[in-house]
Every structure is written in C-alpha cells, then in structure tokens.
Amino acid sequence: MTVSLSPPTARLQRLLGKMSMYRMLVVLLLALAAWSFVLSLTGALHYTPAELAATLATSVVSTLVASRVMGLLFRTFPMTDSALITGLLLFFLFWPTTDGPELGTIALAAFAATASKYVLVWRRRHIFNPAALGAVVIGFTGLNVPVWWVAAPLMLVVVLPAALLVLYRSRLLPMAGVFVLVAAGIVGMRFAVAGEPVLDGLATAFMSYPILFFAGFMLSEPLTLPPLRWQRLAEAAVVGVLFATPLSVGPVFMSPELALLIGNLLAFAVGQRGGISLRLREARELTPTSRELIFEPARPLRFRAGQYLELSLPHPNPDGRGLRRVFSITSDPADGSTVSLGLRVSEPGSSFKTKLLALKPGARLSATSVGGDFQLPRDPSRKLLLVASGIGITPFISQLRSAEAEGRDAVLVYAASSAAELAYAGELAEMDVRVLACTPEDPGVPGWRWLGPGLPDGARLREAVPDAAERTAFLAGSPSAVAYARREIRSAGVRRVHTDPFLGY
C-alpha cells in the first residue's frame, strides 16, 4: 500500500475541522465586517466608518447583553459565539446609521432575535433563524426595514469565498446550489420579461440581491435545517422561489427574511420536532483511544442506521470547538431504549470531549438533532463495500447491527493503526460480514483476512474483492483517509461511492 500525501481538499477539511462551525462563522463574519470598513475608508462604500461602527457595536453588544439576560432567566450557559453570529448578521441587514432612534430599533431586533432562541422553541429546540426572526419582527412593526446592504457589489470580494467556506465545511454546497440557481434564475427571468438582456439580469441578481450571503450565512443555519438531503434540497427550492418572487398578502410583502422563516417552518414539519434528552447509562472502552457511550433517551429516538446525533453540552470556558459536537450513532435503530455513540479519545482533548468523558452514569444531557444521509441503499440485493478508517467504523456498526444488513452481501475493509485499535472486533467477528483487516500486524481474528498496513490501493482492492466494481461503496474516517480511499476505490472500478469524512477527527 499506500502511503499518500493528503490531497488539498482533505487538508482543507482537516483545517476547518479544528474549530467549531460557530467559531468559524464568527471569524468569517468579522472578516466581512472588516472588509466593509476598508471599502468605507476608500470611499467604495456609501456608508461612513462612523455609521458602520455605530451599527456594528449596537447589534453585537445588544445580542451579547440579551444573551446574558436570557441565560440568567432560563438558567443556561449563554452561548457567546451564537450571540456574536446573530449580532453580526443583523449588522449586515439594516442600514448603517448613527441616528439614535434607528440604532434603538436595531437593538430591539437583536433582543427579539435572541429571545426567539429561548421562547419560540418546541421541547428545547428553536424553530426559526434568530436573525431573520428579529428582522421580520422589526419590519412588521414599521420601526425599521431590513435592506441587506451586504449585497453591495464590492462586498462580493469577501462574501463569495466566505460563503463557499461555510458551505463546504457544513457540506451544504448542493443545497446552496439549488437555492442560488432557483433565486438567480427567477430574478434573471423577471428582468428578461421586462426587456433587459438576460446576462444583465443575472449580473443584477448576484450584485444587487443578497443571494450568495443568504445562501452561505442564513439558509445554512444548522439548527433550522431538515435532517435529510432531499428535504434540504426541497426547502432550498421553495425558499429560492419565495426569495425571488415579489409576493404580497394584504400589507405583508415577501422579503428574504420572511422567505427563510417559511422555510424554517417546513424544515420543522419534517424534522426532529423537539429536543432530545439523554441519560448516561454506561461508558465502555472500545480500544485504548476510543470509547462508546450508552444512553437511555427520555422518549424513543427515531433514526436510521448510519445517521449522526448532535450533542449539546454547555460548560464554562469552552474552547474553539464549541458546545455542540456531532457523533455517529452506533446502536440499532430498532432498540428505542438505547442510543450509543462511539468517539475517539485524544490528548489533549477538546473542552467538550473532556466534559463529556467525565460524565458519570445517571448524568443527563441533551441533543439538538438527528440527521445524515450515510444510509444503506434500500434495495437488499445491492452488494456493499464498506471502508472504515479508525473511528470511522462507528456508522457501520449501527448499520450492521440493524435489520437493514440482514442477508446482504457486504465486505468491510477496516483499517487501524494497530490490531488493538480495531474497535468492535469481537462483535464484527460474529456478524454476517466479510472483514478485510488493514493493520501493521495480523489481528488473528478467525474468519478475517489480513491485507497488511494501511488502506489498500486500487490493485490490491481488486485482488481482495474481485467483484468490487459491482458494489456500492461507503467510506468513513478522517478526511485524508476518505479522500485516499475514494480515489483508489474509483480506480478499482467502483462507481457508486458515498462518503462520511469526520471533521475534527
């Protein structure tokens, strides 16, 4: 095999995985704000630095204060990154100003946005994008009107790469692509019907409408998305139509922020409606560097094998990885009384994992969502090739424990740094799956075939799995391992490949 340098995309995924999604959004929005000041100082933006500074300070300080107040009222840890994101988003939605009353309305929007995270909830899960909700509330009062000044043409210099980074990190590029195509297409057609050249209409769509900012920073808000890929694509299409079509019902006119709230309602209707409460039953060691945590949910949890669960664990002084983390579910979906998660243990660990692993049996915590499309094909005749690197075995354990795997022709290629790091080895040996172990030494598990160290290249894979080209492949593990395996699997003739790279591996 197989030692290969990580391709640029894998290195980028690994780099982005070092910080939480919330921290990354704060950094990128601050970069956008800084760029707006540069444009203002050079005279390329209509607003003065004083107007920008006053509006930015008002929106951010108001959300931070509101977050502290709501945290005290509801006895929760205030989420500073979340408050900063909401404040920075509102900064880009309202006219920059130094006028006191107008700044007051922006502060009210910030308080409404923050309050929505605590008040407009269903079983501890908020329903609406907070910044959009705050903007709609103030718009309905007539005190101020969101104008999305971030759509200024020169702002695109930073908006475009920043939005792409967000969407790449969150794996929402297809969803954003649908929204952009629908919204820009409708705007372009409207201009064409009015007699404008099509290219001019499309240029106006991207340079005068907040399509790219909306796609990257508003539509992608994780807690208000539906759980499945097709649902997200459908929501993006609906929101794109509403975003670009001038509709009105009585005195209410359609706006970008209202379009998003309607999309949020659709997502809520098809998603996990309510918070998820878990009680830790036990924690067990899988390998020297991995653990499995077994929980009892307060009510049966609905999920499909291969999906993930996002845990929320508020704690003082969180590091850049944040207060929420995603973990693959390892339990059988048919067992509603148990939810288990497998995770890697590393030193030094993040503040989240340190707190999580310190929990004692009986401790309670919450989860925000279940999601993911890393699911076996429904057709039981489809032959499978499962490729796991390290803790990437976790989604496959749920799949192999479930009834969906019964009677299937499945081959598991399982790579680990040593035989001792092969999690679930005993259980896998008893399952109806052919295992090809990729470790420095032969693990000596009866019925397994040892392929040597590291993931196999295409030639070695074809030799070990002669019918590989007939199989549907599923790959999980670190971004570099997934990128390498995908390339070699395709060279072996496999055409149907599904991937689940573990960011923050």
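This report describes aromatic ring pairs, a nonpolar surface patch and a set of paired strands in the structure above. The model is predicted.

**Aromatic pairs**

The model holds 16 aromatic pairs. One of them joins phenylalanine 179 and phenylalanine 214, which is stacked because the ring centres lie 5.0 Å apart and the planes meet at 25°, and planes under 30 degrees apart count as stacked. Phenylalanine 179 belongs to helix α8 (residues 173–193) and phenylalanine 214 to helix α10 (residues 211–218), so this pair ties together parts that are 35 residues apart in sequence. Phenylalanine 179 counts as buried, at 0% relative accessibility. Phenylalanine 214 likewise counts as buried, at 0% relative accessibility.

A further pair consists of phenylalanine 374 and phenylalanine 474, whose ring centres are 5.5 Å apart with planes at 80°, so the pair is edge-to-face. Phenylalanine 374 is located in the loop between β10 (364–371) and β11 (384–389), whereas phenylalanine 474 is in strand β15 (residues 472–477); the pair therefore ties together parts that are 100 residues apart in sequence. Phenylalanine 374 is buried, with a relative accessible area of 6%, and phenylalanine 474 is buried at 0% relative accessibility.

| Ring pair | Distance between centres | Angle between planes | Class |
|---|---|---|---|
| Phenylalanine 179 and phenylalanine 214 | 5.0 Å | 25° | stacked |
| Phenylalanine 374 and phenylalanine 474 | 5.5 Å | 80° | edge-to-face |

Ring pairs also link residues into a cluster, whose members include Tyr47, Trp95, Trp148, Phe179, Phe214 and Phe243.

**A nonpolar surface patch**

On the surface, Val61, Val65, Val69, Leu73, Phe74, Phe111, Val119 and Leu120 form a nonpolar patch with about 680 Å² of accessible area together. The elements giving two or more residues to the patch are α3 (49–74) and α5 (100–119). Helix α3 contributes the most, with five residues. Phenylalanine 74 is placed in helix α3, and this residue counts as partly exposed at 41% relative accessibility.

Strand β12 (residues 410–415) is mostly covered, as six of its six residues are buried. In a regular strand, side chains alternate between the two faces of the sheet. In β12, Ala410, Leu412 and Tyr414 are buried on one side, and Val411, Val413 and Ala415 are buried on the other.

Strands β11 and β12 pair in the parallel sense over six bridges, and valine 387 stands opposite valine 413 in β12. Together with helix α14 (residues 394–401), these two strands make a right-handed β-α-β unit. Strand β12 is also joined to strand β13 (residues 434–438) by five bridges, and the two run parallel. Within β13, valine 435 is the bridge partner of leucine 412.

Notes:
Residues are numbered from 1 along each chain as its sequence is written. This is a predicted model: local features need pLDDT of at least 70, side-chain atom pairs count only at pLDDT 80 or more; totals for chains, interfaces and linings use all residues. Side-chain values use heavy atoms; hydrogens and water are left out. Rings of Phe, Tyr and Trp (its six-membered ring) pair if their centres lie within 6.5 Å; planes under 30 degrees apart count as stacked, over 60 as edge-to-face and the rest as tilted. Helices (H or I, at least four residues) and strands (E, at least two) are DSSP runs, numbered from the N terminus. Buried means under 20% relative accessible area, exposed over 50%, partly exposed in between (1.4 Å probe, protein chains only). Patches are made of residues with over 30% relative accessible area and no salt bridge: like charges are joined within 9 Å, nonpolar side chains (Val, Leu, Ile, Met, Phe, Trp, Tyr) within 5 Å. Accessible areas come from the Shrake-Rupley method with a 1.4 Å probe; for residues, only the protein chains shown count as cover. A salt bridge is a side-chain nitrogen of Lys or Arg within 4 Å of a carboxyl oxygen of Asp or Glu. Two strands pair if DSSP finds at least two bridges between them. A crossover is right-handed if, with the strands pointing away from the viewer, the path from the first strand over the helix to the second runs clockwise.
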